[in-house]
Amino acid sequence: MELNEFELRSGTRFIVGKWQVDFVVSLFSDDLAHIPAAEFKSDDGKDLSGICYEFFEDNTMVMTDSASGKRESGTWEQTGAYEYHYTLGAFMELPEGDFRKAAETLQVVDGCLAFSIGFLTLGMKKIAEGKVTEPADTGDTEMSAEDAANTGIVGSYRVIKSLNYFGDEIKLATKEEIAESAKKANSDIDIKEVLDIFDLVVEFTADHKIRQWMKIPENLSEATIKEALESGEILAAKDGRFITTEQQWKCLDGKFYYDTGEQREVFGEMVSSWDEIKPNEDGTIPFSSGLILIERI
């Protein structure tokens, strides 16, 4: 299973720290009751509560057993949304094979980590948080001198496709395709408003600004435009177009990014408002969260 960056980061936050064996479940029991680890004793009188796993953000780990004084080092990786795999030098003297593989697979169950050894399932609870270094937000990362001088994206771009509904399907389409579709559907939607997006010109400036120039409505007088400029309602007007806001773009390690200005949250976590600008092979650029496709004029 291929995990995305968000899943990997969330998974790291979850597992990094110290975990202690908390309970044992025997598959031979009738009710699969959780037996406290301190009460589940081996023939020699030892229990499992002294076993601790500590996971670190660099994908290393250690297992310690206070009862025997044993300590083993190893590595871990996230293999699924709720699954991890780890490897230790000499894990509990288990032989290679499916038996050991099951023991080295950790499942997230009700906020605990669980693994199996034969007919036993051991559940661990987190007793201490570990250190996880959060990645720097694109907006907080400074450009190098080389990146700041990279003007490869500077220029003006026109809209050649816009996201539009076609029955039950939504896809990027040209102005002509959208107009033809609306004509066939005999829709009540004002097609002119839908097609206005194709009048947009997106400008990337050398001073790392993005200006989205919209066409000035024909019914607006020069006096009205002047008043809007003086009041700050619009930032600039020229060549029959105007802008109301500006965005920022930057280059980091040769890649281009822009600030969407969106407040984003995923599963309660705030995420960056910056998106990478990824040109297609033909030079066109998906923009505005993929709502439009632009090409250099």
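W76 is buried, with a relative accessible area of 5%, where buried denotes under 20% relative accessible area, exposed over 50% and partly exposed the range in between, computed with a 1.4 Å probe on protein chains only. The structure is a predicted model, in which local features need a pLDDT of at least 70 and side-chain atom pairs count only at pLDDT 80 or more, whereas totals for chains, interfaces and linings use all residues. Residues are numbered from 1 along each chain as its sequence is written, and side-chain values use heavy atoms, with hydrogens and water left out. The chain has an average pLDDT of 90, and 94% of the residues score at least 70, pLDDT being the predictor's confidence in each residue on a scale from 0 to 100. Among the elements of the chain, the lowest mean pLDDT, 73, belongs to strand β18 (residues 264–266), and the highest, 98, to β12; helices (H or I, at least four residues) and strands (E, at least two) are DSSP runs numbered from the N terminus.

Aromatic rings were examined next. Rings of Phe, Tyr and Trp (for Trp, the six-membered ring) are taken to pair if their centres lie within 6.5 Å, and a pair is stacked if the planes are under 30 degrees apart, edge-to-face if they are over 60 and tilted otherwise. By this rule there are 11 aromatic pairs. In one of them, the ring centres of W76 and Y84 are 6.0 Å apart and the planes stand at 65 degrees, so the pair is edge-to-face. Y84, at 1% relative accessibility, is buried. Another edge-to-face pair is formed by F204 and F287, with 6.0 Å from centre to centre and 75 degrees between the planes. Because F204 belongs to strand β12 (residues 201–204) and F287 to strand β21 (residues 285–287), this pair ties together parts that are 83 residues apart in sequence. F204 is buried at 1% relative accessibility, and F287 is buried at 1% as well. W76 and Y84 also belong to one aromatic cluster, formed by Y53, F55, W76, Y84, Y86 and F115.

Charged side chains are likewise found over rings, a charge being assigned to a ring if NZ of Lys or CZ of Arg is within 6 Å of the ring centre and within 35 degrees of the ring normal. K171 lies over the face of F166, 5.1 Å from the ring centre, and the charged end of K250 is placed over the ring of W274 at 5.0 Å from its centre. K250 and W274 are both in contact with T138, as are L252, Y257 and S272, when neighbours of T138 within four places in sequence are left aside; contact here means heavy atoms within 4.5 Å. T138 itself lies in the loop between β9 (120–129) and α3 (145–148) and is buried at 16% relative accessibility.

The pairing of strands, for which DSSP must find at least two bridges between them, was traced for two strands. Strand β1 (residues 17–26) is largely enclosed by the rest of the structure, because 7 of its 10 residues are buried. β1 runs antiparallel to β9, to which 9 bridges join it, and V25 stands opposite T121 in β9. Antiparallel pairing also links β1 to β3 over 4 bridges, with Y53 in β3 as the bridge partner of W19, and 2 bridges join β1 to β2, again antiparallel, where V24 faces I35 in β2.

Strand β10 (residues 155–166) pairs with β12 in the antiparallel sense over 4 bridges, and S156 has E203 in β12 as its bridge partner. Strand β22 (residues 292–296) is joined to β10 by 5 bridges, also antiparallel, with I294 in β22 opposite V159. β10 pairs in the antiparallel sense with strand β11 (residues 169–173) over 5 bridges, and in the hairpin of these two strands, which has 2 residues between them, G167 takes a positive phi near 70 degrees.

A search of the whole structure, with a disulfide defined as a pair of cysteine sulfur atoms within 2.5 Å, finds 0 disulfides. C112 is in no disulfide, the nearest cysteine sulfur, that of C52, being 14 Å away. C112 is buried at 17% relative accessibility, and C251 is buried at 0%.
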